[in-house]
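Hi,

Here is the model I promised to pass on.

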Amino acid sequence: MSALTIDRRAGGAAPARTAVKPVRFHRVLLSETTKFRTIRSTWICLTLGLVLLGLFGSIGAFTYDGGGGVTDGPPGIAGRPLDAVSLALMGLSFASLVVGVFGVLSTAGEYSTGTIRSTLAAVPKRLPVLWAKAILAGGAVFVIAAAGAFTAFLIGTVGLDGEAIAVSLGDEGVLRALLGAALYLALVAVFGVALGALLRSPAGGIAALVSILLILPGLAMLLPDSWYDALNPYFPSNAGGAAYALTETADRLSPGEGIAVFAGWVALTLAAAAFRLKRTDV
């Protein structure tokens, strides 16, 4: 006679089973938010990105001498007519690298430490983890980048007071350009998340990010002129750069087209990362 039978005959209750709560997306998002808040690199990267974006823009405005015609900036800014928004966003290329690295570390960092096994054991379907990381990275960077862009611009208006290129926040295209810069940086962060999940290596993800955003447009200059002119607007950094240009030029995409093209690059990379996450072992 089993112990369970004895317990029942004696009037004892069978042991209750522990209820297992289903894995809902909001629980995954809450879990990833806890990681997001408690990892030191999150705050270091976001703070550094904010400082770089605000600092370079402010310095550019206060050191402007009125004699410039074209700014020699990084991809996405080089060759544009110099204006108050371009000066305010002079630190954007540096900030994009920082937030991109943040995105890479948020996914690839778990592979390097091995904690991804615990994460995916708790979320067997896997893909909700990737979506949660992308949403958190993109949302946090958008808020931080918007604050940095508006701060740099507002400080810059003081340094550019009386200059011919000075504009106000209410002028045509200014608000759209500043929000476009924040959206671009948010997509860069999601791009980093996707590259980190796809390559599963912090070093590899960061190298790929730098190569695609900065080195690829430079290498493209080795192509024949007709090829370069046709392809140049569609490189990720150039397409994204169109989103925060105050004025449109004939050799660039429109702001809407530019952000759509860059979002397409991000979506393709995210889809590749999702495919690998779903199909291969960790």
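**What I found**

Let's start with Ala273, which sits in helix H12 (helices, H or I of at least four residues, and strands, E of at least two, are DSSP runs numbered from the N terminus). Before going further: this is a predicted model, where local features need pLDDT of at least 70 and side-chain atom pairs count only at pLDDT 80 or more, while totals for chains, interfaces and linings use all residues. Residues are numbered from 1 along each chain as its sequence is written, and side-chain values use heavy atoms, with hydrogens and water left out.

Is Ala273 buried or exposed? Ala273 counts as buried because its relative accessibility is 0% (buried means under 20% relative accessible area, exposed over 50%, partly exposed in between, with a 1.4 Å probe and protein chains only). Setting aside neighbours within four places in sequence, Ala273 has contacts with Leu130, Ala194, Ala197 and Leu198 (contact means heavy atoms within 4.5 Å). Ala197 lies 76 residues from Ala273 in sequence, yet their C-alpha atoms are 5.5 Å apart.

**H7 and H8**

The axes of helix H7 (residues 127-159) and H8 come within 7 Å and cross at roughly 145 degrees (axes are lines fitted to C-alpha atoms, for helices over the stretch in contact, and angles run from 0 to 180 degrees between N-to-C directions). Residues making this contact include Leu130, Ala134, Gly138 and Phe142 of H7, and Leu178, Ala182, Ala186 and Ala197 of H8.

**H9**

How far apart are the end C-alpha atoms of helix H9 (residues 202-219)? They are 24 Å apart, which agrees with the 26 Å that its 18 residues should span at 1.5 Å a residue (the expected span is 1.5 Å times one less than the number of residues). H9 also bends by about 45 degrees at Ile212 (the angle between axes fitted to the seven residues ending there and the seven starting there). Its buried residues are Gly205, Ala208, Leu209, Leu213 and Pro217. Their cover includes helix H5 (92-113), helix H8 (174-199), helix H10 (225-231), helix H11 (236-241) and helix H12 (255-279).

**The whole chain**

The protein has twelve helices and zero strands. Of its 282 residues, 44% count as buried. Among contacts between residues at least 6 apart in sequence, 76% join residues at least 24 apart.

Cheers
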